[in-house]
Amino acid sequence: MNEKLVSRTVFLAGIIAAILVACTVSTLASTQIITGPQGPQGPQGSPGETGAPGSQGPQGATGSTGSTGATGTTGATGATGPAGKDGNTIRYTIEGSFDVTQDGDLTQTHSRSEGHSSISHWKKIDVPQLTLSDIPFVHVYVKTPFESVDNYDTQTPQLWQEYYTESIRYDEGCIYVYYKNIHTTYLPPDEEQHIYYAMTGEYVVGIIK
């Protein structure tokens, strides 16, 4: 009796299991039929607008100042230059006089215009200390008429003055000083001549070397 009861129970259990499986399969099939197959992927939508930039954040704190670098060492002192010339100066003085009525050692003719001419006269004065390779300081002083005179009036006051550069020329071992000008005017049938003296003939030459 018990064996029949067990067999019946097993049989009923198998029928119930078969019914459950059939219901599950039927449900899955129905779900698949209702859902249908998945369609192709649709096109991608356009990108959205870019959002506005956010506000600037607060400024960070200033960093601390770096430490000062070490001072560099002083460079070496350069070599000493050659010694200069001896600081002692030598002064020479040359004094003399010459006859201003005589012709000069150098003359220069100037033709001013038709019917006029003039001749400048220069006197050579020896100055042995004057070398063009090492030119010293040269100062020339002459005694001059206080006023411009015609034909050398000895009654005119005579004073010493330092001669201006335009009236001095320099050469090796000598100088030339301008001392008179002879101006001639031709007025046929006569000839008129005037002599203008720039100095009396007395001079002092100072040399610093």
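Is D105 buried, partly exposed or exposed? The label here is partly exposed, because the relative accessibility of D105 comes to 44%. On this scale, buried means under 20% relative accessible area, exposed means over 50%, and partly exposed falls in between (1.4 Å probe, protein chains only). Keep in mind that this is a predicted model, where local features need pLDDT of at least 70 and side-chain atom pairs count only at pLDDT 80 or more, while totals for chains, interfaces and linings use all residues. Residues are numbered from 1 along each chain as its sequence is written, and side-chain values use heavy atoms, with hydrogens and water left out.

D105 has a partner: its side chain meets that of K123 in a salt bridge, at 3.7 Å from N to O. K123 sits in strand β3 (residues 116–126) and D105 in the loop between β1 and β2 (106–113), so the pair ties together parts that are 18 residues apart in sequence. A salt bridge here is a side-chain nitrogen of Lys or Arg within 4 Å of a carboxyl oxygen of Asp or Glu, and strands (E, at least two residues), like helices (H or I, at least four), are DSSP runs numbered from the N terminus. K123 also counts as partly exposed, at 24% relative accessibility.

By this rule there are two salt bridges. In the other, the side chains of K143 and E202 come together at 3.6 Å, N to O. K143 is buried, with 18% relative accessible area, whereas E202 is partly exposed at 30%.

Now for the sheet. Four strands build an open sheet in the order β1-β9-β4-β5, with antiparallel pairing; two strands pair if DSSP finds at least two bridges between them. The edges belong to β1 (91–97) and β5 (158–162), each with a single partner strand, so one side of each has no neighbour in the sheet. Strand β4 (residues 137–145) is joined to β5 by five bridges, and K143 has W160 of β5 as its bridge partner. Leaving aside neighbours within four places in sequence, K143 is in contact (heavy atoms within 4.5 Å) with Q158, L159, W160, M199, T200 and E202.
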